[in-house]
Amino acid sequence: MQAVKSTPDAPASSSRNWTEILTSERVLIGAHIFVAMFALSLGVLMGPFQAFRRSPGVTNLLGGQAIGMPIFSYYYQALTLHGVLNALVFTTFFIVGISYFVTQRSLERKLRFPMLAWWTFILMTVGLCLAAYAIISEQANVLFTFYAPMLAHWTFYLGLVLVIVGTWIASFNIFATYLGWREAEKRPVPLGVFAILANFVMWDVASLGVATEVLTMLLPMSLGIIQTTDVQVSRIFFWFFGHPLVYFWLIPAYMSWYTMLPKQLGVKLFSDGMGRVAFLMLTIFSIPIGVHHLFVDPGISVLAKAFHSALTMVVAVPSFLTAFNIAATLERSGRKRGSKGHWFGLDFFAFLPWDNPIVVSQLGGMLLFLAGGITGIMNASFTLNIALHNTTWVVGHFHMTVAGAVFMTYMGILYWLLPVLTHRKLWKPKLALAQAYFWLFGMLLFGAAMGRAGMLGAVRRTDLGGTGALILPEWVSWLNISAFGGLLLLISAILLYTVVIGTIFKGEKVTDESELDIPISTSAPTDEKLPAILERWSLWLAVIIISCIIMWAPVLLQALDWVNGFWVRGLVPGVSP
Ligand code: HEM
Ligand SMILES: [Cu+2]
C-alpha cells in the first residue's frame, strides 16, 4: 500500500499530487475489485451447476444421476454460497471500490481519509473470511436472506456485521471527501458522485434494519445468549433492508448508464437534472415499500400490504425516467452515427456500437432490465404475487435484474477500469465482446425458462435434482432450457476470467493514462439549472426517516408481541414452535 503524502485538502490539479493519488488509488481500488472478482469466481460457478442439477435432461444424460456441485455437495450450502458471494460480497466490494474511484476522479481530490479506507477494507475482508468460514464448514446453510428461524454459526453473523459496518465507514469517508470539495468549489456536484451520495444515504438507513436484526436477535441466539426469537419481527427487520439492497446494487449501474455510457458513445446525457431527480426518488422510495416481500406473512396487516404494494408502483417511476433519459441519449448517439429516424424512430438502436464490449455490456444489461422491471411490477401486485411466490419465477425475475442489469453493467465498468488499475490494455476485447453476448442470451434463456417453469408451479429453493424430488412433466422442457441457458452462462463466465487474467498478465503495457478512455466527468453541466435543494442531503435524510416511520412503524408495532416480549415467541432451535 502506498501512502499519499499530499495534504488532505490539496486540490488534485497539481500533477505531482495527482500522480501520487493515482498510485494509491490503483492499489486500494484494485484490492476491492480483486476481492469482488475472487468471490464472484466461486459464487458464479455454483449457478450453472444448480441449473444442470435441476434439469431432467442432464440427469438422464448422466444415467439418472443428478450432477453434483463442484466442491460443495450439499444443495443448500451451494445455494447459500451462490447467493452470499454473488449478491452480497461481489456487489458490496465492487460498489465500494467503484464509489471511491468515481468520487476521487470526479472531484479531482483524494479520499479525505485514505488510511481509513484501508482499515475499512481490512475490516470488510475479515468479515468476509468469517462468513465464508461458516458457510464452507457447513455451519451456515441459511441462504443469503438469512432471517430466523434458520440459524447459523455466530461467525456468519459477525462477519456480515463487519462488512456492513465497513460500508458505513466507507460512506463516511466519501461524504467527508464530498463536503471538503463542496466547501471549496460551491457548485453542483458531478452527477456520478451525486448518484453515489444518494446511494449511500439510502444504504446507511436501510442497513440499520439488518444490523438491528443481527445484533439483537440472530447473533445473541447463535451465541446461546438468548434461546428464542420472534420470526415475524426478524423478517420485518430483514426486509426493511432487503428491498433497498437491490437498489444499492442498481444505482451504480444507473450511474454508469447516466454518466459513463454517454461519454463512451460520444454524446451528452439528455438531461442531467432529470437524472438527479430519478436518483433522489430511488433513494426516498426504496425503503418504505419492503412489505412487498412479506405478502404471504400472516403477521402483517392487509392495509400495510396494500400501501407498500401501491408505493412499489411509485418506485417504477424513476426507472421510467431513466428509460426515457437514456433512450433519448442513445438516440442522440444513433443519429450522430447515421440513424435517420426510420422504423418509428427506433432505427437508432441499430446504429449503436454493437462491437464494443463496454457498450454492449451496458446495453445488454438494459435489455435484461426491461424484463426484470416488468416481472418486478408483477411480483409487487398482491394477487399475482400469491401465485408466483417462491416459485422459480422469482429466480427468473431477479437474475434479469441483479445477474442481468447489475452484473452486465459492472462487467462493462470492469472492462475499462481493469486497464486503469493494471496499466495494461484490455486483452482480447473480442473475447470480452463474446462474453457479453453469451451472458445476454444465456440469461435471457435462463430467466425466461425459470419464469415459465415458475408459472407452472416449479418451486424455488428446493433440490429438484435430489432423490425423490417431485418434477411435474410440464416443467421438464423449461428446466432443460434453463440448463442450456446455464451452459451459455458458464461459457461466458470462463470467457470473463480468461479476459481478466489475460489482461493482468498479457495485456499490452500502458505508460501514460491518456492512452486509456476513462469515462469520468469532473463537473456538472452548466447549461442546465440544477436547484441547490437537490443537494440538501440532510433534508432527504429527514424525508427518508419520516417515510420509514410512517410506512414501517405500524408494521413493527403490530408484529411485536407485547405480552411475551421481543425474544420469547417463535423459535426454540431444534424444537418445533
Ligand atoms: C452463471 C450464471 C448464473 C446461473 C446459471 C445462476 C443460476 C441460479 C440458480 C439455478 C439458482 C437456484 C434457484 C433455486 O434453486 O431456488 C440461483 C439462485 C440465486 N442466484 Fe444465481 N445464477 C447465476 C448468476 C448469478 C449472479 C451473477 C448473481 C448475483 C450477482 C446471482 C444471484 C442469485 C441469488 C441471490 C440466488 C438466490 C439464492 C437463494 O435462493 O437464496 N446468480 N441462481
Ligand atoms: Cu423488493
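Reader: Is the crossing in which H7 passes H11 left-handed or right-handed?
Author: In this predicted model, H7 passes H11 in a left-handed crossing. The contact is formed on the H7 side by Ala-253, Ser-256, Trp-257, Leu-261, Gln-264 and Leu-265, and on the H11 side by Ile-358, Val-359, Gln-362, Gly-365 and Met-366.

Reader: How are H7 and H11 oriented to each other?
Author: The axes of H7, residues 231-265, and H11 come within 11 Å and cross at roughly 140°. An angle over 145 degrees would count as roughly antiparallel. H7 and H11 are therefore oblique.

Reader: How many charged residues does the contact of H7 with H11 have?
Author: By class, their contact has seven nonpolar and four polar residues. The number of charged residues in the contact is none.

Reader: How is H9 oriented to H11?
Author: Helix H9 spans residues 302-336 and helix H11 spans residues 357-380; their axes lie 10 Å apart, at an angle of about 165°. Because angles over 145 degrees count as such, H9 and H11 are roughly antiparallel.

Reader: Which residues of H11 make the contact with H9?
Author: The crossing of H9 and H11 is left-handed. From H9, the contact takes Ser-309, Thr-312, Met-313, Ala-316, Ser-319 and Ile-326. By class, the contact has six nonpolar, four polar and no charged residues. The residues that H11 gives are Met-366, Gly-373, Ile-377 and Ala-380.

Reader: Which element gives the most to the shell around ligand 1?
Author: There are 25 residues around ligand 1, and those that come nearest are Gly-47, Gln-50, Gly-83, Asn-86 and Ala-403. The elements that give two or more residues to this shell are H1 (15-53), H3 (75-107), H13 (392-422) and H15 (473-506). The most, six residues, come from H3.

Reader: How many charged residues are in the shell around ligand 1?
Author: The shell is sorted by class into nonpolar, polar and charged residues. It has 15 nonpolar and eight polar residues. The number of charged residues is two.

Methods
Residues are numbered from 1 along each chain as its sequence is written. Chains are lettered from A and ligands numbered from 1 in the order in which they are written. This is a predicted model: local features need pLDDT of at least 70, side-chain atom pairs count only at pLDDT 80 or more; totals for chains, interfaces and linings use all residues. Axes are lines fitted to C-alpha atoms, for helices over the stretch in contact, and angles run from 0 to 180 degrees between N-to-C directions. Helices (H or I, at least four residues) and strands (E, at least two) are DSSP runs, numbered from the N terminus. Angles under 35 degrees count as roughly parallel, over 145 as roughly antiparallel, 65 to 115 as roughly perpendicular and the rest as oblique. A crossing is left-handed if the near helix is turned anticlockwise from the far one by less than a right angle, and right-handed if clockwise. Two residues are in contact if their C-beta atoms, placed from the backbone, lie within 7 Å. Ala, Val, Leu, Ile, Met, Phe, Trp, Tyr, Cys and Pro count as nonpolar, Asp, Glu, Lys and Arg as charged, and the others, Gly among them, as polar. A residue is near a molecule or strand if its C-beta atom, placed from the backbone, lies within 6 Å of it.
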